[in-house]
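Trainee: I'm new to this one. Could you take me through the salt bridges up close, and then show me where the aromatic rings come in?

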Amino acid sequence: MYDKLKNSKLFNMDETIAAGIFEDTEFPWEVLPKIKDFIIELGMTLSLDEYNLIGENIWIAKSAEVAPTASVTGPCIIGKGTEVRHCAFIRGNAIVGENCVVGNSTELKNVLLFNNVQVPHYNYVGDSILGYKSHMGAGSITSNVKSDKTKVTLWYGGDKIGTGLKKMGAVLGNFVEVGCNSVLNPGTIVGSNTNIYPLSMVRGYVPGGSIYKSKGEIVQKNL
């Protein structure tokens, strides 16, 4: 049941240093509370030939480029070949994969970014998981707290699924493209190979291999 929401259907586990965090879980919202402790555990195993330990529980790959104006708080791992640009704000509990881009004024908090993810321009990504080669257009954000502060629920095929979390942003599968200035509401899950039109307000589950044009107008892509 709910197979399309499972981690195994959304993510390529070969494209993250953090594949172990998904063990003993089925769904992405089960992973989010584990990020902090997992980073500390994983960080202790990283080779100091490949990573610099620059502060308390902050491991940055020697091949990564981090702008001097960026703010990085631990626990955090920044992978090989990743670029963290001017005034990026990494608030902690962040696993940033290899060859990623964290851009100008982008803010990350309690996130897992698979390899080759791009959040390059004025993005907020909190309590979220972004799959391999997913990309968020300029100004697109994840909203991670409901306005009434109740626990986040996910709508899927008419069913209301409780996550048990007060904070959950969005989950993007592999190769998801989010258009500029879109808002992904709490508990949004977007299947792999899907495009979200610019200026969209997205809620619930968006099927993989589709184009989200507006609420009620989702069409299948010709893959």
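Mentor: A salt bridge here is a side-chain nitrogen of Lys or Arg within 4 Å of a carboxyl oxygen of Asp or Glu. Before going on, bear in mind that this is a predicted model, where local features need pLDDT of at least 70, side-chain atom pairs count only at pLDDT 80 or more, and totals for chains, interfaces and linings use all residues. Residues are numbered from 1 along each chain as its sequence is written, and side-chain values use heavy atoms, leaving out hydrogens and water.

Aspartate 3 meets lysine 6 at 3.1 Å, N to O. Lysine 6 also bridges to glutamate 26, with the closest N and O atoms 3.3 Å apart. The cut-offs are under 20% relative accessible area for buried, over 50% for exposed and in between for partly exposed, with a 1.4 Å probe and protein chains only.

Now look at lysine 109 and aspartate 127, whose side chains meet in a salt bridge at 2.6 Å, N to O. Lysine 109 is in strand S10 and aspartate 127 in strand S12, 18 residues apart. Lysine 109 has 13% relative accessibility, so it counts as buried; aspartate 127, at 5%, is buried as well. In total the count comes to 6 salt bridges.

On to the rings, where the count is 7 aromatic pairs. Rings of Phe, Tyr and Trp (its six-membered ring) pair if their centres lie within 6.5 Å; planes under 30 degrees apart are stacked, over 60 edge-to-face, and the rest tilted. One of the pairs is phenylalanine 11 with phenylalanine 114, stacked at 5.0 Å centre to centre with 20 degrees between the planes. The two are 103 residues apart in the chain, and both are buried. Tyrosine 132 and phenylalanine 175 are edge-to-face, because their planes stand at 80 degrees with centres 5.4 Å apart.

Terms used. Helices (H or I, at least four residues) and strands (E, at least two) are DSSP runs, numbered from the N terminus.
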